[in-house]
Amino acid sequence: MHSSTLFTLLATGTTSLAYTIPANLQAIYNAHKAGTCANPLSGTSSSGAVFCGDIPNAIFLKGSNGNYDNMDVDCDGADDKVGDCSNDPTGFGETAFKDTVQSYGISDLNANIHPYVVVNEPPFFDAQHFGLKPLSVMAIVCNNQVWYGVWGDTNTEPTTGEASISLAQLCYPNDHLTGDNGHGPKDVLYIGFLDPTAVPGKNGAKWNANNVSDFEASIKALGDRLVQGLGTNNGGGGTTPPPPTCSWEGHCAGASCGSDGDCSDDLTCNSGVCGSSSGGGGSAPPPPTCSWEGHCLGDSCGSDDDCSDDFVCKSGKCSVDQ
Ligand SMILES: *[C@@H]1O[C@H](CO)[C@@H](O)[C@H](O)[C@H]1NC(C)=O
């Protein structure tokens with residue numbers, strides 16, 4: 001059977017648990033599928049994809065003309081050899097941000113429970129340079145649905161398009177995906193958000209959930225808000241998407257540069273591309289934006305009314321209510 005026929009049959013048969021794709025995200029999916037990435041942030045992976053900066057305030061995996069990326073199955077972390085992971089050829093007993101999730105009250109992420117995406121680390125790609133935060137919520141468009149996951153593991157190899165077994169089975173419940181059997185077609189859109197509020201932290205997700213549905217439900221509201229924040233003007237059907245915004249147009253995240261002085265605001269020049277500065281404690285997040293300038297995340301306030309949008313006033317600073 002031709003794979004697109006199979007795709008359609010499955011998509012129409014398994015929508016009961018699915019999260020419907022919001023219109024703006026569907027427009028983004030449609031707009032960026034054709035063509036190639038105008039703003040590549042990495043080299044090309046073994047599945048033919050690059051990390052791409054064409055969607056403002058986001059990073060996504062973009063394949064060649066007509067493609068996004070495939071979905072390989074990852075079983076790393078707690079219980080890495082149970083159930084559908086028993087045949088995983090590459091299982092590894094821990095995930096990259098284990099120390100952080102231990103401070104959230106669990107021993108490690110569990111690929112059977114936590115829907116996580118693997119995003120690369122150097123030398124292939126340094127996601128944190130571009131402002132993606134470990135354990136931040138990501139959106140995954142697959143099988144005509146959207147699911148939310150977290151950036152939960154890393155990979156130094158030039159391979160991309162890898163998700164935990166629980167996320168793979170949410171996307172493709174009827175495909176018998178296992179640790180050794182992934183989703184081949186390059187139609188999966190993985191989006192990471194360059195938004196400091198994309199990190200749910202200890203209390204913003206049910207890290208000790210017993211099953212994937214329970215964990216997924218705990219990050220849905222945050223995921224929906226992040227997707228909504230991508231806006232509606234990312235479409236543009238074939239035209240070049242708008243460049244990322246910052247105060248010095250053409251010198252924003254993803255623009256090429258020779259030195260820090262070529263990059264707007266607090267961005268620095270990393271390997272020839274403007275991005276957020278890396279390096280531990282001192283790194284400044286991108287300037288927060290919101291609908292009421294001067295009343296955004298981190299601005300000082302006396303009460304909730306001093307803060308834009310849904311932000312609340314906590315300890316004198318506008319913060320995310322969670
Ligand atoms: C997932 O866990 C929650 C909380 O323990 C429970 O209420 C729910 O029935 C479980 N769902 C599945 C599908 O097992």
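Predicted model: local features only at pLDDT ≥ 70, side-chain atom pairs only at ≥ 80, totals over all residues.
1. Residue numbers start from 1 along each chain. Keep both points in mind as you look at the structure.

2. Which residues are around the ligand? They are Asn-210, Asn-211 and Asp-214. Two of these names come with a distance. Asn-211 has a polar side-chain atom 2.3 Å from an oxygen atom of the ligand. For Asn-210, a polar side-chain atom lies 3.4 Å from a ligand oxygen atom. How much of the ligand does the protein cover? On its own, the ligand has 360 Å² of accessible area, and the protein covers 35% of that.

3. **Cavities.** The structure holds two cavities of 30 Å³ or more. The largest cavity has about 50 Å³ of space. Its lining includes Phe-51, Val-119, Leu-132 and Met-138. Ile-59, Phe-60 and Leu-61 also line the largest cavity, as do Tyr-190 and Gly-192.

4. **What lines the largest cavity.** Two elements give two or more residues to this lining: strand 2 (58-62) and strand 8 (183-193). Which element gives the most? Strand 2 does, with three residues. Now look at the kinds of residue. Eight in the lining of the largest cavity are nonpolar, one is polar and none is charged.

5. **Disulfides.** A disulfide is a covalent bond between the sulfur atoms of two cysteines. How many disulfides does the structure hold? There are five. One of them joins Cys-257 and Cys-269, with the sulfur atoms 2.1 Å apart. The link of Cys-257 and Cys-269 is right-handed, with 95 degrees about the S-S bond.

6. **What the Cys-257 and Cys-269 pair ties together.** Cys-257 is in the loop between helix 5 (212-228) and strand 9 (268-270), while Cys-269 is in strand 9 itself, so the pair ties together parts that are twelve residues apart in sequence.

7. **A cis peptide bond.** Most residues other than glycine have a negative phi, and most peptide bonds are trans. Find Pro-122 and Pro-123. The peptide bond that joins Pro-122 and Pro-123 is cis, with omega at about 10 degrees. Where is Pro-123 found? Pro-123 sits in the loop between strand 4 (116-120) and strand 5 (137-142).

8. **A positive phi.** Asn-143 is not a glycine, yet its phi is positive, at about 55 degrees. Asn-143 lies in the loop between strand 5 and strand 6 (145-155).

Note on methods
Heavy atoms only, no water. Near = heavy atom within 4 Å. Polar contact = N/O pair within 3.5 Å; in protein donor to acceptor, adjacent residues only side chain to side chain. Areas by Shrake-Rupley, 256 points an atom, 1.4 Å probe, with all protein chains shown as cover. 1 Å grid on protein atoms, 1.4 Å probe; cavity = no way out; pocket = protein on both sides within 12 Å on 5 of 7 lines; lining within 4 Å. Points joined across faces, edges and corners; volume = space filled by probe spheres on them. Helix = DSSP H or I, 4+ residues; strand = E, 2+ residues; numbered from the N terminus. Nonpolar A, V, L, I, M, F, W, Y, C, P; charged D, E, K, R; others polar. Disulfide = S-S within 2.5 Å.
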